Amino acid sequence: MSLSIASRITRLAASVGKLSTCGLLACILIGTTTLFAQANEAESQLQQLGRDFLQLQFNANPVYATSMGEHRLDKEYPEFSKTAFNKQINDYKSLRGKLHKINNSSLSPDARIDYLLLESNINEEIEMLAKAISVRDNPKLFSSTAIQGVFAILISPSLSQEEKYERIMARLKNLPDFLKQARSLLASPPELWVVLAGQELETGADFLSDVSAHFIEQFPDEQEEIENRFAEATSALLDYEDFLGNFRDRAGQPFAIGREEYNRRLKNNFFVDYDVDSLQRLGEAIFADLDRRYDSLASEISFMPIERDYEVFVPKTFTRRDILDYYQWEINTTRNWVSKYDYATIPAEVGNCVPMEIPKFLRNVISSAAYYPAGPFDTEQTGYFFVQPLPDSLDDANRSAYFRWAFKRGFRTTVVHEAYPGHHLQFQLANIHPSLIRRIQRNSMMSEGWALYSEQEMLDEGFYEDDPRILQSVLAGQRFRAARIIVDIKLQTGQFTYQQAIDWMIENLDMPLEFVETEVNRYTLTPLQPMTYLVGKLQIEAIRATFAEVMGEDYSLKRFHDMILSEGTIPPMLIYRKISEQNL
C-alpha cells in the first residue's frame, strides 16, 4: 500500500459510478424460479454450515460458549491437548470441504459475504491450531481460560444467582484437571508471557476469594462446600504458577509471529490488498502528520488563557457509588444525544450498558477502559463498560478530584468510544443480525475502526463544546492509534524488542511507564489487533465516500451509520466491495 492510502481509497471510491435503482434490485432479485430455488438451497446449506462451525467451536471451548451466551456447556472446561487440536483440525477441514461444494455464484451478495466470512473463520481456526504460538505455547491460554471460565458465568446477564452458583461450582470441580494439561503442552513459552500468566494467576486467586465470599453470603447453608471447592480451585491456580516457575529466567521462543504470518492474517482476516511493508509506511506517515498537527495545536493552546478552575462545592457525601452513577448517567446521556440528533437509529432491542471496574486479573493487559459485550445468544442483552478501578475510600483530595472531573464531564470522550455510538451500540446491533454467521463475527477492524471513527465524528457533529482542547484530545487519540500500527508491526516482525517498543512509545507519546507497559503487554498477545483502530477508521471513511456517491440526494449521515451498523462486526473491506459493486 502506498503512502497516501487514505487519498487512494477515497479516489477509488469516487470513481465508482452510482448504482441505479434497477441495479440495486438486480443484486437482490433473481430472474428465474430455478435460480431462486438454487439460491435458497445454497443459502440454507451455508447457514447450516455456520451452525456446524459454531457447534465445533463451542464443543472445543465451553468457556467461549459461555461468553457467547450459550450456557449448555457451562460446567465444563475445554480440552487443550495435541490430540484434541488434531481432531479439531480434521473437523474444520471436513467442514471447509463441504463449504467449497456450495455454488458461490448462486448466492446473493449478502450470502456471499457470509460465505467469505465462514471460509475465513475456518481457515483461521486451522492455521491457529496447526502452527500458531498463541495456541501451542502460551501459558496465558490456560490461566486466562481458567479464570474467564468463572468470570463469564458470574457476569452473565442471562443467569440467575442460583444458576451462576451451580455452574461455577461444577466448572471449578474440573479446573484442576484442566490446568494439568499445561504440563504436556508448554515447552518453551516466551518469558514475558510466563510473567504475565503468573501475575494473572495471583490476581485470579484473589478473584476466586471474592467470588467465594459472594456465594457464601448468598448461600450461607452451603458455606463448607463453597470453601472447599474454591480452596481446591485456588490451590490448582497456585500449583500452575509454581509449574511456570520452571520457565522463568529463560528466553523461551519469541512471541513475534513474523512477516509471513502477519501478511497471511492481513489477507485472511481483513481482506486487504496490502502487506506489512506498505502498512508500516502508512503508519509512519500518518503518525508523522498527526504528530505535527498535534504539536501545532498544542502550541496554539499554550497561548490561550489557562482554563478556569471554577470553585466547586465538593460534598463530603460524594462516594465511589456516586462516581459509578455519574458514569452511568454519562452513558445514558450520550445514548439520548445519538438518538435525538439523528446520528444513528437505536432500536428498542439494544440493551443496557453498565459501568464496572476492571477486574483485578485483567489489569495487566487493560490500561484504561474496555468493553465486554453481551453474547449474541444471551437472553438479556447487557454490555459491561470496564472503567479504571476506584480507591476503596475517598480522602479529601480524591473526592475533590473525582467530583471536579464529573462536574466537567470528563468521561464523555471515553463513552463515545466504548458505549455510544461506539462498541456497545455496534455489538448490540450485530447481536440481532438475522444471519447466524454475522452474529458470531468479532472482527476488530470493524469494531475498533468504528469506535475510533465515532470519536472524530461526534466532534464534527457538535457533541462537544467548541474548545480546541477537545480537538487536541481527539488528535492525541488518533496519534496514539497511529503509533500502535508502528509498534504492532515492529513487535511482531522482530524489529522491536519488548523494551524497545516501550522506550519508543514513551519517547514519542510522553506517556507514563506503567500505562505503556500494560499496552505493550497486550500487543505481544494480540498481533494485528492494535493496528486495526486507525486502519479501520480509514476504511470506514472510504465506505462513507462510496455510499454518498451511490445514494446521491438520498444520502444522509444517519442513513450511512444505520447501513454500516446493520452489516455486523465484519471486515469493512467486505462492505466496501458490496456497495461499490466489486466482486465478493
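Asp510 sits in the loop between helix 23 (498-509) and helix 24 (513-525), with helices being DSSP runs (H or I, at least four residues) numbered from the N terminus. Its phi is positive, about 55°, although Asp510 is not a glycine. At 71% relative accessibility, Asp510 counts as exposed (over 50%; buried is under 20%, partly exposed in between, 1.4 Å probe, protein chains only). The model is predicted, so local features need pLDDT of at least 70, side-chain atom pairs count only at pLDDT 80 or more, and totals for chains, interfaces and linings use all residues. Residues are numbered from 1 along each chain as its sequence is written, and side-chain values use heavy atoms, with hydrogens and water left out.

Phe271, in the loop between helix 14 (259-270) and helix 15 (276-302), also isn't a glycine and has a positive phi, near 60°. Phe271 counts as buried, at 11% relative accessibility. Elsewhere, a cis peptide bond with omega about 0° links Tyr420 to Pro421, and Pro421 belongs to the loop between helix 18 (412-418) and helix 19 (423-431).

As for helix packing, the axes of helix 21 (residues 444-460) and helix 22 (residues 468-492) come within 10 Å and cross at roughly 160°; axes are lines fitted to C-alpha atoms over the stretch in contact, with angles from 0 to 180 degrees between N-to-C directions. The pair is therefore roughly antiparallel (over 145 degrees; under 35 is roughly parallel, 65 to 115 roughly perpendicular, the rest oblique). Leu452, Glu455, Gln456 and Leu459 of helix 21 meet Ile470, Leu471, Val474, Gln478 and Arg481 of helix 22, contact meaning heavy atoms within 4.5 Å.

Conventions
Helix = DSSP H or I, 4+ residues; strand = E, 2+ residues; numbered from the N terminus.
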